[in-house]
Amino acid sequence: MLQTIRYDLAMRSDAPANRHEIEIYPLEDYGRYGWIMRRRTWRIKEWTGDMWLREKLGEIRTGRVCARRPAEAETSSDDDDDVKKQLKMSTPQSDIDKRKQISVRGIAQVETVTTIKKAFNRHLHYTLVKDRNVSTPRDYYFALAHCVKDNLVSRWIRTQQYYYEKDPKVSNENNVLPASVAQLANVLVVLSSTAEYGEIEVLISRVYYLSLEYYMGRSLQNTMINLGIQSACDEAMYQLGLDIEELEELEDDAGLGNGGLGRLAACFLDSMATLGLAAYGYGIRYEYGIFAQKIKNGEQVEEPDDWLRFGNPWEKARPEYMLPVNFYGHVENTPQGKKWVNTQVVFAMPYDNPIPGFGNNVVNTLRLWSAKSPVEFNLKFFNDGDYIQAVLDRNLAENISRVLYPNDNVFEGKELRLKQEYFMCAATLQDIIRRFKSSKFGSRDVVRTSFDVFPSKVAIQLNDTHPSLAIPELMRILLDVEGLSWEKSWDIVVNTCAYTNHTVLPEALERWPCSLLENILPRHMEIIYHINFLHLEAVRQKYPGDFDRLRRMSLIEEEGDKRVNMAHLAIVGSHAVNGVAAIHSEIIKKAVFKDFYELSPEKFQNKTNGITPRRWLLLCNPSLADLIAEKIGEDWVVHLDQLQLLKQWSQDPGFQRAVQKVKQENKLKLSQLLEKEYNIKINPSSLFDIQVKRIHEYKRQLLNCLHIITLYNRIKKDPNANITPRTVMIGGKAAPGYYVAKKIIKLICSVASVVNNDPIVGDKLKVIFLENYRVTLAERIMPAADLSEQISTAGTEASGTGNMKFMLNGALTIGTLDGANVEMAEEMGNDNIFIFGMTVDDVEALQNRGYNAYDYYNRNPEIRQCVDQIQNGYFSPNNPDEFKDIADILLKYDRFYLLADYEAYIACQDKVSSIYQDQTKWVEMAINNIASSGKFSSDRTIEEYAKDIWGVEPSWEKLPAPHEPRDEDATPAVK
């Protein structure tokens, strides 16, 4: 029989000083002397003050720690030493003891140029089975990647060992221990009535980040930087006659995301590892990521992104953790409760990807699921002649993880997308519960069946509504598999899950047809109906007789085809709901989810997005990073708020010249790249005006295009006017089915063709559409930018993170008071940013009084000229009607009020041109932008999530390197 005993320190007024001496010994030496601590030795002598040790039944959590029994506390240290010697001499080595030789420390080496060269040579020959005579540059890249991965994996294993030893989530219950012995608080002691000792079970609090997108980019350089081995690798390749930059160029981007949402998830993973959180990312291992964009005859053409065609050196398949996922079938009522039967099964194979923290030897895990068909074959197919067809049909199941769905901000209820979402949620939750149940050091056996502590040990963050099916799926598991009551199950679900909203556009919110859910996930539909029933009962009690409120707040939308509003489900099933910028969080409270905020205001929070400074400054702009380090040291890499120290040098001529030199070098590099790629000669001294993001009407690339046309018309009208030379670059992908977005790309390319080939314009204005915008291209663009375009209609952009990347690299921003622009202006002051246009209140007022684009068209000659040129075929002489639809949108169907903001935008751009001619002022503003970027680190964002939502404390503690001393008696695999 097992019993749980808690040891804690309680305040006692009658406690004498120097009351207790407690000694705790390793298991293998003092197993028969009482209770155990494994992996470490703790000696706590002469506790003083009003502290008293007492026994108390209960459950507590932290390290693997136990105290000796009080009756044996009088044994002298000499006796202890004698017993240790006798035990060691008399005890033969067990197989477990022998296996301690199997150790990471035994093979891990200090990363020097010599060891890296040896590892590179070994991998080229033994892993890739090549020699130098037949090796290709790609083989050399893979050899280097495997070499770097060796150093990554040793830390990966060590990190998981550490997570099993220490619980990073400290309970507030009876936490009265002094800081020096804080790890003795809240220990769970499992005692056996037949054993002479008990073991302390480690309950680790883990964060699970669920996202259908991770826009990771390349891993090689980022990994070398975070491990601190970039210089050694660079020198090793140089000594071997190889160029490390050429090898880095051979790596394919891991494009498992569409844009901001996926890139944010990637930045968050980096920060979770850097902050030492026991965190796991979960998603799908798409065989084809975001499509590769080609521009042919000015039009976007999509090509598949076969990013795995050469293999992925960073991932590790984990077939031992493959899990079944069920679809279709029906629900039966049984004496034991509901049962989901006659389902179709697809297996989820996990592939683990290491996520290194910066300089702390922590490596977390991104687990991506790949769909695999069931392995069973029906032998009758051999006789029926349908064997080949049966094999082909089995492959249909694997389509679930075949391709990433493009994001066009318009929800389309496609069956395959729903399957992807449930596939990820179902596999992930099984994995989470398996790990929760078997969280005993070095064991995969089930050691825990009670779910009482589940919410305190598991935090699940839903990145938008895509993973919101995790809520009914966790309910199904707790109800139907674990046999818990509805009330207890719902309490666990709500206290475990949290939801991040990423959009305010109504058409982008997921609404799944009930008929589709009933067919594919019948049990989940039943659960959702019951959640909705109880939710509406609570609403009815608080707002009796308010039937319209019931309609608005229902999870089921009754108009037309019945649909499940997944955002409503995510809000009801979570204990925390957050927006991703201050203005966005206010909009969802006051408008989008106003009713839910009034019902449960305590749920709603703001967590302004951030970016990782490791990739977006240290990696992509090393010259600027070095310049900053010379002034303020290197701690800013993990404490970005220290950049504010740079403000004292914003007017220093020497520092200004240094910053200006770095920017000019970056612009020259980008100019050379663009000239090579697009055969366009660029003036590197011109103002680099850049807008890169998904092509969408609300992001208003079309407004940027109107400014280009206006500048062109002005130059044509007066070629001798004092025009600030400008190179405008626009990049981004349009969803394949988004007609208007693709038409906007065609217009930009057509305008570019006219402008770039007009001899009157010369190098005063150049326009380039950046083909196939992706993470790697962004790493080259951000450091070279002078001006960042963030011009969405106020109230439509949730946050934006591209604006933060530009800001961190010293570009100035022209933008509306939308998304994170508002907080950027607050941080740097309005004197260092170009704000224009309508505010959210102005937009609302315009909507209320009615928007008529013709009012602006008729009033402003420059607007009229631009729209007429688009409409009459000036930029498409071979097809005059090419862009009539664009003109119609501007004049008749524009939901984002481009012409209403046109005048303010053009005036603000004129101000930009004027200030750019005063380079001293411009560089001062750029330095103030850099110095004000501290708030927008993803480290700050994750720290807020950790403390306010997940209930865990970040740690900047550095773990021991793999080659450094450490006990290794029982080492679990990376799980």
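1. Leu505 sits in the loop that joins β20 (497-500) to β21 (511-513); helices (H or I, at least four residues) and strands (E, at least two) are DSSP runs, numbered from the N terminus. With a relative accessible area of 5%, Leu505 is buried, where buried means under 20% relative accessible area, exposed over 50%, and partly exposed in between (1.4 Å probe, protein chains only). Its C-alpha atom is 6.7 Å from that of Thr796, although 291 residues separate Leu505 and Thr796 in sequence.

2. Basis of the values. This is a predicted model, in which local features need pLDDT of at least 70 and side-chain atom pairs count only at pLDDT 80 or more, while totals for chains, interfaces and linings use all residues. Residues are numbered from 1 along each chain as its sequence is written, and side-chain values use heavy atoms, with hydrogens and water left out.

3. Chain totals. The protein chain has 37 helices and 31 strands, and 59% of its 975 residues count as buried. Among contacts (heavy atoms within 4.5 Å) with a separation of 6 or more, 78% are between residues 24 or more positions apart. The accessible surface is about 39600 Å², and carbon and sulfur atoms hold 49% of that area; accessible areas come from the Shrake-Rupley method with a 1.4 Å probe, and for residues only the protein chains shown count as cover.

4. Ala581 is in the loop between β24 (576-579) and α21 (582-592). Its relative accessible area is 0%, so Ala581 counts as buried. Which residues are in contact with Ala581, leaving aside neighbours within four places in sequence? They are Asn606, Lys607, Thr608, Ala798, Ser799, Gly819, Ala820 and Glu823. Glu797, 216 residues from Ala581 in sequence, is 9.4 Å away, C-alpha to C-alpha.

5. His568 belongs to helix α20 (residues 566-572). It is buried because its relative accessibility is 8%. Apart from neighbours within four places in sequence, His568 is in contact with Arg552, Met553, Ser554, Leu555, Phe593 and Phe596.

6. Cavities. The whole structure contains 11 cavities of 30 Å³ or more, and the largest cavity has a volume of about 460 Å³. On a 1 Å grid over the protein atoms alone, a cavity is a set of points where a 1.4 Å probe fits but cannot get out, and lining residues have an atom within 4 Å of a point. Grid points are joined across faces, edges and corners, and a volume is the space filled by probe spheres set on the points.

7. Lining of the largest cavity. There are 34 lining residues, of which Met216, Gly217, Ser219, Ala254 and Trp314 are the closest to the centre of the largest cavity. Two or more lining residues come from each of α6 (137-165), β8 (214-217), α7 (220-227), β9 (254-256), α10 (260-274), β17 (344-356) and β18 (363-372). By class, the lining has 17 nonpolar, nine polar and eight charged residues; Ala, Val, Leu, Ile, Met, Phe, Trp, Tyr, Cys and Pro count as nonpolar, Asp, Glu, Lys and Arg as charged, and the others, Gly among them, as polar. Domain 1 (108-166 + 218-252) and domain 2 (206-217 + 253-606) each supply at least three residues to this lining, with domain bounds taken from an automatic or database domain assignment.

8. Helix α7. Seven of the eight residues of α7 are buried, so the helix is largely enclosed by the rest of the structure. The buried residues are Leu220, Asn222, Thr223, Met224, Ile225, Asn226 and Leu227. Their cover includes α6, α8 (230-239), α9 (244-248), α10, β17 and α23 (613-619).

9. After α7 comes Gly228, with a positive phi near 75°, in the loop between α7 and α8. Is Gly228 buried or exposed? Gly228 is exposed, because its relative accessible area is 62%.

10. Most residues other than glycine have a negative phi. Tyr328, not a glycine, has a positive phi of about 60°; it lies in the loop between β14 (323-327) and β15 (330-334) and is buried, with a relative accessible area of 16%. Asp464 has a positive phi near 75° and is located in the loop between β19 (458-463) and α15 (470-481). Asp464 is buried, at a relative accessible area of 9%.

Terms used: 1 Å grid on protein atoms, 1.4 Å probe; cavity = no way out; pocket = protein on both sides within 12 Å on 5 of 7 lines; lining within 4 Å.
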